[in-house]
Amino acid sequence: MGAHHDTHGQSGGQDHGHGSHASYIKGFILSVLLTAIPFAVVMTGGFESRLATIALIVGFAVVQIIVHMIYFLHMTTRHEEGWTMMSTIFTLIVVVIMLAGSIWVMYHMNTNMMPQMNHEALQGFGS
């Protein structure tokens with residue numbers, strides 16, 4: 001009974017599916033930096049070009065997603081015969097659909113629900 005050890009795919013006592021404390025700390029530090037840098041840029045007024053500020057924020061967000069996938073979700077192409085890569089691709093497709101749909105809905109809500117008000121006609125009501 002004591003001779004049977006359930007290793008769940010581990011070889012030689014090493015856990016290849018999970019990271020060490022050092023890798024978690026490294027991922028945490030990277031995550032904090034990838035959050036603090038865009039936050040500092042925005043809080044100091046951003047760049048002259050609004051597009052450059054947005055590009056920086058999106059770039060750091062993409063890198064942070066990758067950091068989380070590698071250090072916290074342990075997603076690599078080596079594990080589970082490609083299923084991890086398939087789930088990553090599926091997740092990316094769902095995220096793109098959600099982001100594109102959200103932006104589309106917000107744009108059309110702003111356009112259709114906030115018509116230009118006739119300020120001249122409203123001035124007569126206040127006097």
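**Working through the chain**

Mentor: Start with T53, which touches V41, V42, G46 and F47, leaving aside residues up to four places away in sequence. Keep in mind that this is a predicted model.

Trainee: Which element is T53 in?

Mentor: T53 sits in helix α2.

Trainee: Buried or exposed?

Mentor: T53 is buried, because its relative accessibility is 11% and the cut-off for buried is under 20%.

Trainee: And V63, where is that?

Mentor: V63 is in helix α2 as well. Its relative accessible area is 41%, so V63 is classed as partly exposed.

Trainee: Let's move to the helices themselves. How do the axes of α1 and α2 cross?

Mentor: Helix α1 covers residues 21–43 and helix α2 covers residues 50–72; their axes come within 10 Å and cross at roughly 170°. Because of that angle, α1 is roughly antiparallel to α2, the cut-off being over 145 degrees.

Trainee: What kinds of residues form that contact?

Mentor: The contact of α1 with α2 has 15 nonpolar residues, 7 polar ones and 1 charged one.

Trainee: Stepping back, how many helices and strands are there?

Mentor: The protein chain has 4 helices and 0 strands. From the N terminus, the order of elements is α-α-α-α.

Trainee: How much of the chain is buried?

Mentor: Of the 127 residues in the protein chain, 12% are buried. The accessible surface is about 10800 Å², and carbon and sulfur atoms hold 71% of that surface.

Trainee: And the contacts, what share comes from residues 24 or more positions apart?

Mentor: That share is 57%, counting the contacts in the protein chain with a separation of 6 or more.

Trainee: Different topic: confidence. What is the average pLDDT?

Mentor: The protein chain averages 78, and 69% of the residues score at least 70.

Trainee: Which elements have the highest and the lowest mean pLDDT?

Mentor: Helix α1 has the highest, at 94, while helix α4, residues 119–126, has the lowest, at 54.

Trainee: Where does pLDDT stay under 50?

Mentor: Over residues 1–16, where the model has 3 contacts beyond four places in sequence.

Definitions and conventions:
Residues are numbered from 1 along each chain as its sequence is written. This is a predicted model: local features need pLDDT of at least 70, side-chain atom pairs count only at pLDDT 80 or more; totals for chains, interfaces and linings use all residues. Side-chain values use heavy atoms; hydrogens and water are left out. Helices (H or I, at least four residues) and strands (E, at least two) are DSSP runs, numbered from the N terminus. Buried means under 20% relative accessible area, exposed over 50%, partly exposed in between (1.4 Å probe, protein chains only). Contact means heavy atoms within 4.5 Å. Accessible areas come from the Shrake-Rupley method with a 1.4 Å probe; for residues, only the protein chains shown count as cover. Axes are lines fitted to C-alpha atoms, for helices over the stretch in contact, and angles run from 0 to 180 degrees between N-to-C directions. Angles under 35 degrees count as roughly parallel, over 145 as roughly antiparallel, 65 to 115 as roughly perpendicular and the rest as oblique. Ala, Val, Leu, Ile, Met, Phe, Trp, Tyr, Cys and Pro count as nonpolar, Asp, Glu, Lys and Arg as charged, and the others, Gly among them, as polar. pLDDT is the predictor's confidence in each residue, from 0 to 100.
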